[in-house]
Amino acid sequence: MARGGKAFKAVAKGMAVVASAAAVIERRRRAAMAADFHEPPLPVAPAAAPAGAAPLPAPRAETVPAVPAPAAAAAVAPAAASAVPVPAPPAAPGAFGASGAAHGHFGRPATPAEAVPWGLRVAAESTWRLLLLGAALYVVFYIVDMLRLVAFAVLASLLISALLEPTVSWLRRHGVPRSLAAGGVFMSGLAGIGLVGWFVVWQVTTNLETVTSKVKAGVDQLRDWLITGPLHLTEQQITDFANQITKAISTNTEQITSASLTGAQIAVEVLTAVLLAFFTTFFFLYDGERIWNWALRGLPRHSRYAMAGAGPKAWATLTAYVRGTVCVAFIDAVCIGIGIQLLGVPMALPLAVIIFLGAFVPLVGALVTGTVAVLIALVTTTPWTALMVLVVLVAVQQLEGHILQPLILGRAVRVHPLGVVLGVAAGSIIGGIGGAIVAVPLIAVTNTVVTHLRRRNEAGQAVFTALEAAREAAARTPAPPAP
């Protein structure tokens, strides 16, 4: 926390320095523009008169009185007929070279700001604005990281609510009270999650003894291969290597103990986040509409109508994403589970459930969690079987990327596969597994909101243009004669 406070103070000081520098630059730019605008024009010397002609009078400083139109025309005619050249008008204030001539340097701008190209000025001003925006985003991410337990719980509850809310709405439309509909659907979902967890634990405990014996046999086969294989290791070398591992474990007891304590702390945090997510999910199902209206009242008045239209579209996108992801994950789990069951890998059903949970990370989740099946096949069966399991994983991954994702999620989530992969990578770097899970729905919802706001602005601009054109047409139309 102390390091976090120091980092926050450093970021705040950096933002203050950038803001002050930007203010100084803006003041100097405005001062330069004002000086160029108010710069007096250069004095122009009168042209030399021809030989024999009377010298032209010097221009007077006082204002010349207005001359009527006929008199002005009569005065202009002799001047045009004569051969006396008319002095050139003074250069416009701020013109390139003129202000430099006033300071004794012809062709040089009056201020350094005038010498900077326009593109460089735009780039500089855009850069410091982007720096301010980046600093603000850093502060936001820092606060989210400090409150990551609450943030992940709320995001997880949003995903679960998007999956269960259509059922609640259907029950309410058929006359079921709101509290009963929300409570029944919530308890049904909780019971389903509990059944899945119980099934996984039951399958693991049932097949644990068989898997343990096969793992021991696989280790013995690995030992024999190290001795009789191409490495040609000896019994003494393998024994020394095992002793070194045992010694390393015994000498690093403190680190292992601290790691176990860290694991216990993480387990407590995960349990707290799960309970908070359940609590938040129930209230999202029970009172989600009122929560959304309360959030709208916190926005500026001119932004409420735009966000009131973008909110339902974002929720529809999130609902479609969660439903489609569940469908894709179920197909992945069924296909991979059948494949590893036919290949004779133990604990096929628990592995299928793990793959189903991992498939909530698009494109890469099923492949990453499927490596557990490859490892189990490697230590319990033959390397050829493990290779075949890997082939099944890659085939199902190709099926998901080229058929399932475009057909099921293509219409709901209009995000390019490259954006999905980059979003998952960035989310995993920032927030680990939770960040990888929420990255794609966050990108999809943001894309929907931005698209809605852009179309709304374009529609408003089109209406404004049509009104202006109608007003101009009405102004050009002559009024009907009075009766």
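The exercises below, each with a worked solution, concern a predicted model.

**Exercise 1. Determine which residues make the nonpolar surface patch and which helices supply them.**

Step 1. The residues are L130, L133, L137, F141, I429 and I430, and the patch they form covers about 680 Å².

Step 2. Two helices, helix 5 (118-146) and helix 14 (417-476), supply at least two residues each. Helix 5 makes the greatest contribution, with four residues.

Step 3. Take I429 as an example from helix 14. Its relative accessible area is 73%. Exposed means over 50%, so I429 is classed as exposed.

**Exercise 2. Classify E125 and R129 as buried, partly exposed or exposed, and describe the salt bridge between them.**

Step 1. The closest N and O atoms of E125 and R129 are 3.5 Å apart. A salt bridge requires a side-chain nitrogen of Lys or Arg within 4 Å of a carboxyl oxygen of Asp or Glu, and this pair forms one.

Step 2. Both residues belong to helix 5, and because they are four residues apart there, about one helical turn separates them.

Step 3. E125 has a relative accessibility of 24% and is partly exposed. R129, with a relative accessible area of 44%, is also partly exposed.

**Exercise 3. Describe the salt bridge between R290 and D287, and find the network that holds these residues.**

Step 1. The side chains of R290 and D287 meet at an N to O distance of 3.5 Å.

Step 2. The two residues are three apart in helix 9 (residues 253-297), so the separation is about one helical turn.

Step 3. R290 is exposed at 51% relative accessible area, whereas D287 is buried at 18% relative accessibility.

Step 4. A network of salt bridges links R178, D287 and R290. The structure holds five salt bridges; among them is the one between R148 and D145, at 4.0 Å from N to O. R148 is partly exposed at 41%, and D145 is partly exposed at 40%.

**Exercise 4. Describe the surroundings of T319, including the polar atom of its side chain.**

Step 1. T319 is located in helix 10 (residues 301-342).

Step 2. Its relative accessible area is 11%, so T319 is buried.

Step 3. A polar atom of the T319 side chain lies 2.9 Å from the backbone oxygen of W315.

Step 4. With neighbours within four places in sequence set aside, T319 contacts A162 and P166.

**Exercise 5. State whether A373 is buried or exposed, and list its contacts beyond four places in sequence.**

Step 1. A373 is part of helix 12 (residues 365-380).

Step 2. The relative accessibility of A373 is 0%, so this residue counts as buried.

Step 3. Once neighbours within four places in sequence are excluded, the contacts of A373 are I340, V345, L351 and V389.

Step 4. P350 is 23 residues from A373 in sequence, and the C-alpha to C-alpha distance between them is 9.9 Å.

Note on methods
Residues are numbered from 1 along each chain as its sequence is written. This is a predicted model: local features need pLDDT of at least 70, side-chain atom pairs count only at pLDDT 80 or more; totals for chains, interfaces and linings use all residues. Side-chain values use heavy atoms; hydrogens and water are left out. Patches are made of residues with over 30% relative accessible area and no salt bridge: like charges are joined within 9 Å, nonpolar side chains (Val, Leu, Ile, Met, Phe, Trp, Tyr) within 5 Å. Accessible areas come from the Shrake-Rupley method with a 1.4 Å probe; for residues, only the protein chains shown count as cover. Buried means under 20% relative accessible area, exposed over 50%, partly exposed in between (1.4 Å probe, protein chains only). A polar contact is a pair of N or O atoms within 3.5 Å; within protein, one must be able to donate a hydrogen and the other to accept it, and residues adjacent in sequence count only if both atoms are side-chain atoms. Contact means heavy atoms within 4.5 Å.
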